[in-house]
Amino acid sequence: MFMTPPFSQLDIAPTAARLLGVDLPASDGQPIDLVEGWGCRNAAIIIVDSLGYDLMLYLLPRMKNTARLIDDGLLLQARAVSNHTTPAIASILSGLLPEHHQIFDKEGAKSSSIPSLPEIASAAGLKSAVIMESNGAEVYEGLIEIIHGISDRIPPEEFDQKACQMTVQSLRENPRLLVSYFIGIDKSVHLGREWAGIRNAALNIDRFLGEIAEEADEKTLLMICGDHPIHAGPLKRSFEPLRVALILARGRRKRGQMDENGP
């Protein structure tokens, strides 16, 4: 189902926090009431670099796994708070505008005293997992239970494959909160690849989203979101307001269903 009211990336952290039963110290967003009644108790925030809303609509006929999630859930048009990755991710994971969290680069993320949702959840006794590029993952050393860093110097296809594998592995450890990050679309743009290369990166991510959805159980709320629209090359989207895709859906594995780890 498609929904187009004025939602925002800032609403992701408050929505996950309410589901998890933890308090954010402050927030510029609001919980998304549309997922009330879904019966979820865990949250998986999956950030797809450069997944703009118009790009999502254009690719959707080819993205069978994503389309299936949307059919059973929601596709929202969400306002992006920045056209750059680091401040956008900081906002997704804190619910704060960039001018409030003041995180604009990787060094700022490491030195910031503002807690993000994974830290808050782990401090409340809820197991958390983060899978992202190595510099970002290092921020969480000693603060959360499951951390997987991936070098951003490897080909984007390999990065996203590893991100999928580590996400599936982490889900088997039953975290209450998981954050994962995919770079293929954005890297393909910055590598100067033609449209076919960007489309192939998106189709790879669609396949990985399918694998993740099959591993996540029905009590897990999947929150799949772009950090910003494409911001370079001929497909650049820089006009205001910036819009990204936000997909809300439940995991597909039934509770008690047998898998390789047992019931």
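C40 is buried, at a relative accessible area of 17%. Buried means under 20% relative accessible area, exposed over 50%, and partly exposed in between, with a 1.4 Å probe and protein chains only. This is a predicted model: local features need pLDDT of at least 70, side-chain atom pairs count only at pLDDT 80 or more, and totals for chains, interfaces and linings use all residues. Residues are numbered from 1 along each chain as its sequence is written, and side-chain values use heavy atoms, leaving out hydrogens and water.

**Cysteines.** A disulfide is a pair of cysteine sulfur atoms within 2.5 Å. The count by this rule is zero. The table gives the distances for two cysteines.

| Cysteine | Closest cysteine sulfur | Distance |
|---|---|---|
| C40 | C225 | 17 Å |
| C164 | C225 | 19 Å |

The sulfur of C40 is too far from that of C225 for a bond. C164 is buried as well, with a relative accessible area of 0%.

**Core.** A nonpolar core is a set of buried Ala, Val, Leu, Ile, Met, Phe, Trp, Tyr and Cys residues joined through side-chain atoms within 4.5 Å. The largest one has 88 residues. I45, I185 and L248 have the most contacts inside it. Helix α11 gives the most to this core, eight residues.

Contact means heavy atoms within 4.5 Å. Leaving aside residues up to four places away in sequence, I45 touches several residues, including I12, I92, L117, V179 and M223.

**Helix α11.** Helices are DSSP runs of H or I with at least four residues, numbered from the N terminus. Helix α11 covers residues 195–215. Its buried residues include I198, I205, F208 and E215.

How values were computed
Helix = DSSP H or I, 4+ residues; strand = E, 2+ residues; numbered from the N terminus. Expected span 1.5 Å × (residues − 1).
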